[in-house]
Amino acid sequence: MQFTANTLQHHWMPFTANRAFKKDPRLIVKSEGVYLQDHKGGSILDGSSGLFCTAAGHGRKEIADAVYNQLNVNDYTPPFSMGHPGSFELASKIVAMTPEEINHVFFCNSGSEAIDTALKISMAYHRANGEGQRTRFVSRERAYHGVNIGGVSISGMVKNREAFSGVMPNVVCMRHTWLEENRFTRGQPEHGAELAQDLQRFVDTYGGSTISACIVEPLAGSTGILVPPKGYLERLREICTLNGILLIFDEVICGFGRLGKPFASQAFGVTPDIMTMAKALTNGAQPMGAVAVSDFIHDTIMNAAPEGTVELFHGYTYSGHPAACAAGIATLDIYQRENLFERAAELSDYFLDAVFALQDLELITDIRGYGLIAGFDLKPETVPGASGTALQNKLFWSGLHIKFTGDTGIIAPPLISKRAHIDELCKILRATLEDLNA
Ligand SMILES: Cc1ncc(COP(=O)(O)O)c(C=O)c1O
């Protein structure tokens, strides 16, 4: 296959420095297990599970076969007022993993759609409950909740918002939980639970009865892994419960074993009212998102509508697509059969030891981590993000893929990784950082 400048021009790539990329493309032509292969034939260790998707590793035949078989039997079913068995089976498998109170699943096609769906379910719930005045959403600085207008409105990352003026009103952001005194903390930091009081301050300022939901990533992912301080999520839960505010956990990165439990909710022992999920739900093999909802929210919305009528005016042409459901079912079967969540929990110490051993490197100013995910900050250059981009490119050609956000690297190896892969990852990272600093 030829890759010429002309053939690269037509695809406007997402979240990419398009002009730089097209001068020096990095194309993946094959992927298997924990490795990718680039278009020049190089082997690259996947240190971020793609984008936190491929927990079971790449090239899983069981998933490919399930999708192929499904498409051969029934390729598409309209999801409105019609169904196919796969979506019901997948929903049952998901609720077997969610906290006890959360038993209803709405399907969509991405994390961003899951977020917008969760916001709409929150609005619909309060209206059905006779509290349509709850129109305000509380989010957090440095949050990433996808790229649709709802998600961008509640996002706390400046670059994702500044070009887009037409966002939703009535959103307020709590402070983020990065604190200087927590630098190089492994696991949950001791300091910062008091930051949850920001939610209380919004209750005191605007009135708790005006707030629809508080939405957080239980462990903030894309911003660079901010592990929740001890007591922080618990306090958010208390304030929400006391004030009738829904608590939404965005589990798009944390879900499906990344933190050693099915969801962050179980890892941190705090149960939200709504959970969003995507990515590892299908091991990245098909686009899919989902929103899992507590019984009381579902039942309130159901009971508010007259029998025989549509209860929630929301849905996508591809909600619960048969191929995505087949991929999801096959994926969750692999997680269970191979005990991958337990395996992640077992590998966590080894992984965190290896990553935190990089803290002697002069270019690294902070490391954070929990389960099988860790973030490290680089000493910034004059232009923010320049160090991260330079390192990401250099790592790629040194045989390692790591996701970067600005000057922060995010390491999240597939849950099937062996200790030797962690060693290889940290060895390449160290050598490349030393080389950059030489
Ligand atoms: C926490 C979180 N929410 C939502 C999203 C958006 O997901 P998607 O890119 O599938 O729309 C992401 C993507 O990284 C995410 O990390």
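I call a crossing left-handed if the near helix is turned anticlockwise from the far one by less than a right angle, and right-handed if clockwise. I took helices (H or I, at least four residues) and strands (E, at least two) as DSSP runs, numbered from the N terminus.

**Entry: the model.** I noted that this is a predicted model, in which local features need pLDDT of at least 70, side-chain atom pairs count only at pLDDT 80 or more, and totals for chains, interfaces and linings use all residues. Residues are numbered from 1 along each chain as its sequence is written.

**Entry: H5 and H13.** I looked up helix H5 (residues 85-95) against H13 and found the crossing left-handed. Their axes come within 9 Å and cross at roughly 35°; axes are lines fitted to C-alpha atoms, for helices over the stretch in contact, and angles run from 0 to 180 degrees between N-to-C directions. Residues are in contact if their C-beta atoms, placed from the backbone, lie within 7 Å. H5 brings Gly86, Ser87, Glu89, Leu90 and Lys93 to the contact, and H13 brings Pro322, Cys325, Ala326, Gly328, Ile329 and Leu332. I sorted these residues into six nonpolar, three polar and two charged. For the classes, Ala, Val, Leu, Ile, Met, Phe, Trp, Tyr, Cys and Pro count as nonpolar, Asp, Glu, Lys and Arg as charged, and the others, Gly among them, as polar.

**Entry: H4 and H13.** I then took helix H4 (residues 61-73) with helix H13 (residues 322-337), whose axes come within 8 Å and cross at roughly 150°. That angle makes H4 roughly antiparallel to H13; angles under 35 degrees count as roughly parallel, over 145 as roughly antiparallel, 65 to 115 as roughly perpendicular and the rest as oblique. The crossing of H4 and H13 is right-handed. On the H4 side I listed Glu62, Ile63, Ala66, Val67, Gln70 and Leu71, while the residues of H13 include Pro322, Ala326 and Ile329. The contact of H4 with H13 has eleven nonpolar, two polar and one charged residues.

**Entry: H15 and H16.** For helix H15 (residues 386-397) and helix H16 (residues 419-437), I found axes that come within 10 Å and cross at roughly 125°. The two helices are therefore oblique to each other, and their crossing is right-handed. Leu391, Lys394 and Leu395 of H15 meet Ile428, Thr432 and Leu436 of H16. I counted four nonpolar, one polar and one charged residues in this contact.

**Entry: domains.** I found domain 1 (5-56 + 339-437) and domain 2 (64-337), with bounds that come from an automatic or database domain assignment. Their centres, taken over C-alpha atoms, are 26 Å apart. Domain 1 puts 31 residues into the contact and domain 2 puts in 29 residues. On the domain 1 side, H14 gives the most, with seven residues. The residues of that side divide into 19 nonpolar, nine polar and three charged.

**Entry: the ligand.** I looked up 14 residues around the ligand, of which Ser110, Gly111, Ser112, Gly146 and Val252 come nearest; a residue is near if its C-beta atom, placed from the backbone, lies within 6 Å of the molecule. Helix H6 (residues 111-128) gives the most to this shell, with three residues. By class I noted five nonpolar, seven polar and two charged residues in the shell.

Key
Two residues are in contact if their C-beta atoms, placed from the backbone, lie within 7 Å.
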